[in-house]
Number of protein chains: 2
Amino acid sequence: MVERRKPINVNEAISRMIRFAKAGSVEYIPIEKSYGRFLGEDLIADHHVPPFDRSPYDGFAVRAADTDYTSRNHPVELEIAGEIGAGSVFERPVAACEAVRIMTGAQIPDGCDAVVMLEEVNELVRNGKKYIQIKRNIKAGTNISFTGEDTQKGSILTKKGTYITPGIVALLATFGYKKVPAAKKPKIGVIATGSELLEVDQALEAGKIRNSNAYMIQSQITRAGGEALYFGQFSDDLEVCYNQVKEAIDEVDMLITTGGVSVGDYDYLPDIYAKLGCHVLFNKIKMRPGSVTTVAEKNGKLLYGLSGNPSACYVGFELYARPAIRTFLHSSYPFLKKETATLGADFLKSNPFDRFVRGHISYQDGRLIATPVGLDKSNVVSSLAGANILILLPGGTRGYEAGRDVSVLLLEDQEGLTMEQFMERDVNSRKD
Amino acid sequence: MVERRKPINVNEAISRMIRFAKAGSVEYIPIEKSYGRFLGEDLIADHHVPPFDRSPYDGFAVRAADTDYTSRNHPVELEIAGEIGAGSVFERPVAACEAVRIMTGAQIPDGCDAVVMLEEVNELVRNGKKYIQIKRNIKAGTNISFTGEDTQKGSILTKKGTYITPGIVALLATFGYKKVPAAKKPKIGVIATGSELLEVDQALEAGKIRNSNAYMIQSQITRAGGEALYFGQFSDDLEVCYNQVKEAIDEVDMLITTGGVSVGDYDYLPDIYAKLGCHVLFNKIKMRPGSVTTVAEKNGKLLYGLSGNPSACYVGFELYARPAIRTFLHSSYPFLKKETATLGADFLKSNPFDRFVRGHISYQDGRLIATPVGLDKSNVVSSLAGANILILLPGGTRGYEAGRDVSVLLLEDQEGLTMEQFMERDVNSRKD
């Protein structure tokens, strides 16, 4: 009794899923904890940067006009009228033929319009007064960081939904964000099913394997920006499992199960979805691996039924769950970045379906090289360890030779694409 | 009174620093916490994967010989002798002209040597017995994942010092690592100096700026894999500051100060290093920004005196502190990955020194494109927000036009290079 399912293509599946993805709330967190989170609001400059004309070097603030007609043979001497440490201001305007010792970052005193670096002057003392000697003409504006030249007050520096890098942390500090508006992490429940699964600390038994998917998916959730809640391995009894899933849903923003979505006799998920009264968005996709990836919706919450096969589970998550997580995090670019690369090795297996092959990206003379990792049996775990891309190989041909262009999805990228960009960009002339 | 310092080149500075970088200890952490950490030991397979011949699909396990001479017009019928759920084993050898219903992941029963997928058979019942009908010749080995075909017992799957990705977490689970040997994070102390600095929640004042470096550096430490300990902003009084630094050293594996390393009158770090009896490895580098980056060593502990200038601080950390942190984490590839890219925009400023310009990497038709971000005044904060590379521009020319090849350092990469690879790889004919 094989249930007949109608397969749809990848883009159609994505379109059906993303309609139910929604942005989450915003929470305020200490700036020290903000690295690696996602901005919940646009980051706006509350003042000019620099906030005042300042010196980028240690040196002497001068009046450029005083150095007119100055040359190696006709140096000018300026009296040192005082000094300004960083964070201090000079108390009076600087007069003609005066200079002020100025430290890196300090405010340019009134009257001055240039800075001469320490190395470019000779200091001398005459009649108890200190002078500097300058041997060339200095143009007004030399070595001055002008007010607002970096950033104008009121400008949007970074959009909400952006991954917070060390550079963005610097901006947050500069603009006084002691508390940072961060997108709240979605809580993603994880449930493993499968009677063949041993817990990670159990000894191997005949016919059984250790549960790796649950831990892999939790890491993928973390990488995507979510918070994983592991509910454990669930019962093989349909009724018990139904109740477990039903209770888990209430505690999370999205729920992921691994295993149990095929049409096999022990695959309860379809029955559970039916019993929950879920709206099944799709349960068969024209892709390998992961063709049985199922996504359902219950009261606006997304439920993911990922394959128990590790590679299919991995790919199903990245294609259909990651974009919902990034949408929750306020990103306008929730999809994996898709780029063109040169296939680095032959991949000669034919397959009528579009494939997402785990691969490794490297660089050669400024070009992206995409190399499939390991064997490509769909249950290979070790190939996933070195994978940092998914290589898209369109179905229906006789295989792919090294040197041809392929599209790749960058798994470690934090910038992403919009859905439209994701769907449009494809070096393969795919039929989807 | 300008102290004269002898500038050295970047590679020489790296060589002096790395001699004092050392690997830290290993701690055992729960697998759920292992994503994003670094392996403290090689990850070794404790069993074959798969541990037994198994079915990658739902279907029927068969004896291939039974399908010899089978064709569309001459189908063979095999009696269904039972079924095997994933995690179960079939209790007896399968006899000629028998088939066994088998679930994804289940062990191939004795006597069988191929799996036929559900879609490829017709099921029928005759005289109360169940049969499948197969219409083609099946080769031995079809649809079987063979013992050890993914991974042989005893093989090293991932080397120590490797960044733990979701794929590696899957491997750790597969091989029973309930507790993961992780490289202990080095504790990196951070001290900010500078009388111009306001705390991040203070209102702006004339001549002052908010302290952004301390928070930026803490994030860079986290990204590099370390644990940041912020000691706060230190006194402008030499004696007080000396005692603060001295006490901080004992609590950390490395100590970073920002600011105070120039030759200005308020730059105390040189005096503090002298008073501590440190061995100053270098205090002047032929590079911009960050020429005053200072690295010292005290009883084998590295002390970093980074510039107070945000860009110089950022670059100094990535070039000289990150490799020490990754070495502590047991990585054999502690240096930033260096690749060739096409310069995406003119950069026409001349400079006699090698420059490390913040840039953004993008991809175009399979090529890496490196574009400088923002202005290049060395105190520009906002340019750092979008930066994911440092572009190396060798000194001594008249500037660089778009389209030329440049070397870039990939700031978000986790794979890295050895020191030798880092120094050898350079598309520019640098004089270093």
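The model is predicted, and local features are reported at pLDDT of at least 70 and side-chain atom pairs at pLDDT 80 or more, whereas totals for chains, interfaces and linings use all residues. Residues are numbered from 1 along each chain as its sequence is written, chains are lettered from A in the order in which they are written, and side-chain values use heavy atoms, with hydrogens and water left out.

We may begin with the relation between the two copies. Chain A can be laid on chain B with an RMSD of 0.1 Å by a turn of 180 degrees and a shift of 0.1 Å along the axis, the superposition being by least squares on C-alpha atoms of residues with pLDDT of at least 70 in both copies. The two copies are thus related as by a two-fold rotation axis. In chain A, the C-alpha nearest this axis belongs to Arg367(A), at 2.2 Å.

The interface itself comes next. Contact (heavy atoms within 4.5 Å) involves 91 residues of chain A and 92 residues of chain B. Because 100% of the interface residues of chain A are also interface residues in chain B, the copies meet through the same surface. The size of an interface is often given as the accessible area lost when the parts come together. Here the buried area (accessible area lost by two parts on being put together, with a 1.4 Å probe, summed over both) is about 7700 Å², and carbon and sulfur atoms give 57% of that area. On the side of chain A, Tyr35(A), Pro166(A) and Tyr363(A) lose the most area to chain B, together 8% of what that side buries.

One salt bridge joins Arg210(A) to Asp46(B), with the closest N and O atoms 3.9 Å apart. Several elements of chain A each supply at least two residues to the side that touches chain B, among them strand E13 (209-210), helix H3 (213-224), strand E21 (354-364) and strand E22 (367-372). These helices (H or I, at least four residues) and strands (E, at least two) are DSSP runs, numbered from the N terminus. The largest share of this side, nine residues, comes from H2(A).

Strand pairing (at least two DSSP bridges between two strands) gives a view of the sheet around E22(A). E20(A) and E22(A) pair in the parallel sense over two bridges, and Thr342(A) has Ile369(A) as its bridge partner in E22(A). E21(A) and E22(A) run antiparallel and are joined by six bridges; the partner of Gly359(A) in E22(A) is Pro372(A). The hairpin of E21(A) and E22(A) has two residues between the strands, and Asp365(A) takes a positive phi near 50 degrees there.

A few backbone features remain. Most residues other than glycine have a negative phi, and most peptide bonds are trans. Val49(A) and Pro50(A) are joined by a cis peptide bond with omega of about -10 degrees, and Pro50(A) is in the loop between strand E2 (43-44) and strand E3 (59-62) of chain A. In chain B, the peptide bond from Val49(B) to Pro50(B) is cis, with omega near -10 degrees. Asn299(A), which is not a glycine, has a positive phi of about 50 degrees.

Conventions
Salt bridge = Lys/Arg side-chain N within 4 Å of Asp/Glu carboxyl O.
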